Amino acid sequence: IQELGGWPLQRSQYTKLLEQLDEDCCRPKALGIDLLFLDPSTEDIRLAAQIKKHNTVLPLAFKVQEENPASLQAVLPVYPLNEAATLGHINLSFDSDGVIRGVQSREQNWQHFSLALQSVNSEKSSSTDAHIEYRRFRMVDPRIGFPMISFADAINSHISRTLLKDKYVLLGVTAPSLGDRYPTLYSGINNASTPGVAILASVLHASLNQSLIE
């Protein structure tokens, strides 16, 4: 974050990365960007053009409607980003003890972000049954985890980008100061909550391996 100019990053940084990934040596199988683009910027048209070149999923948010607190209203990414990608929800489902062990496969008819990421790749479709909304998943042990590349390395190192070829790639934040961290079964073991992007990766991993729990 410091190397790329501080948070939030300029959208031109995301545009640059996607331009560099649009090569046979580096093109991901699918790309999930776990960032809410809710405010317009001058870079949106260029970023949307690059998003269209990949199998990209963007998250949408929900807000409580003032006139009906029991109802949620979907808040989409800004135009034209909302039309350049497949959209999926990233709502969290907490158990009664405050720990995350499952997700809603659909929320107001919006597919979960991780399942949408699987679905945009034509080789495999999501393994979830449309009639079963809540699914548990096994969180991947962060001591094993997933291969991680820093954003700066992905932009500046061709070798790093080649590692992304034909992979499901999630782009998200792990810095504790940015607040996108939540309690999972491994939080106590590691004395730290789990980054949201790692939860999304675990859901995708479970769905790809057909191990979501009914």
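In the predicted model, Tyr 14, Phe 37 and Phe 151 come together as one aromatic cluster. A search of the whole structure returns two aromatic pairs. In one of them, the ring centres of Tyr 14 and Phe 37 are 5.7 Å apart with the planes at 70°, and the pair is therefore classed as edge-to-face. Because Tyr 14 belongs to helix H1 (residues 11-21) whereas Phe 37 sits in the loop between strand E1 (30-33) and helix H2 (44-51), this pair ties together parts that are 23 residues apart in sequence. Tyr 14 and Phe 37 are both buried. Tyr 14 also forms an edge-to-face pair with Phe 151, with a centre-to-centre distance of 5.4 Å and an angle of 85° between the planes. Here the link joins distant parts of the chain, since Tyr 14 lies in helix H1 and Phe 151 in helix H5 (residues 151-156), 137 residues apart. The relative accessibility of Tyr 14 is 5%, so this residue counts as buried, and Phe 151, with a relative accessible area of 16%, is buried because the cut-off is under 20%.

At the level of the whole chain, the protein contains eight helices and twelve strands. The radius of gyration is 17 Å, which agrees with the value near 17 Å that a compact globule of 214 residues would have, and the C-alpha trace spans about 45 × 45 × 35 Å along its principal axes. Of the contacts with a separation of 6 or more, 71% are between residues 24 or more positions apart, while buried residues account for 45% of the 214 residues.

Note on methods: Residues are numbered from 1 along each chain as its sequence is written. This is a predicted model: local features need pLDDT of at least 70, side-chain atom pairs count only at pLDDT 80 or more; totals for chains, interfaces and linings use all residues. Side-chain values use heavy atoms; hydrogens and water are left out. Helices (H or I, at least four residues) and strands (E, at least two) are DSSP runs, numbered from the N terminus. The radius of gyration is taken over C-alpha atoms; the globule rule is 2.2 Å times the number of residues to the power 0.38. Buried means under 20% relative accessible area, exposed over 50%, partly exposed in between (1.4 Å probe, protein chains only). Contact means heavy atoms within 4.5 Å. Rings of Phe, Tyr and Trp (its six-membered ring) pair if their centres lie within 6.5 Å; planes under 30 degrees apart count as stacked, over 60 as edge-to-face and the rest as tilted.
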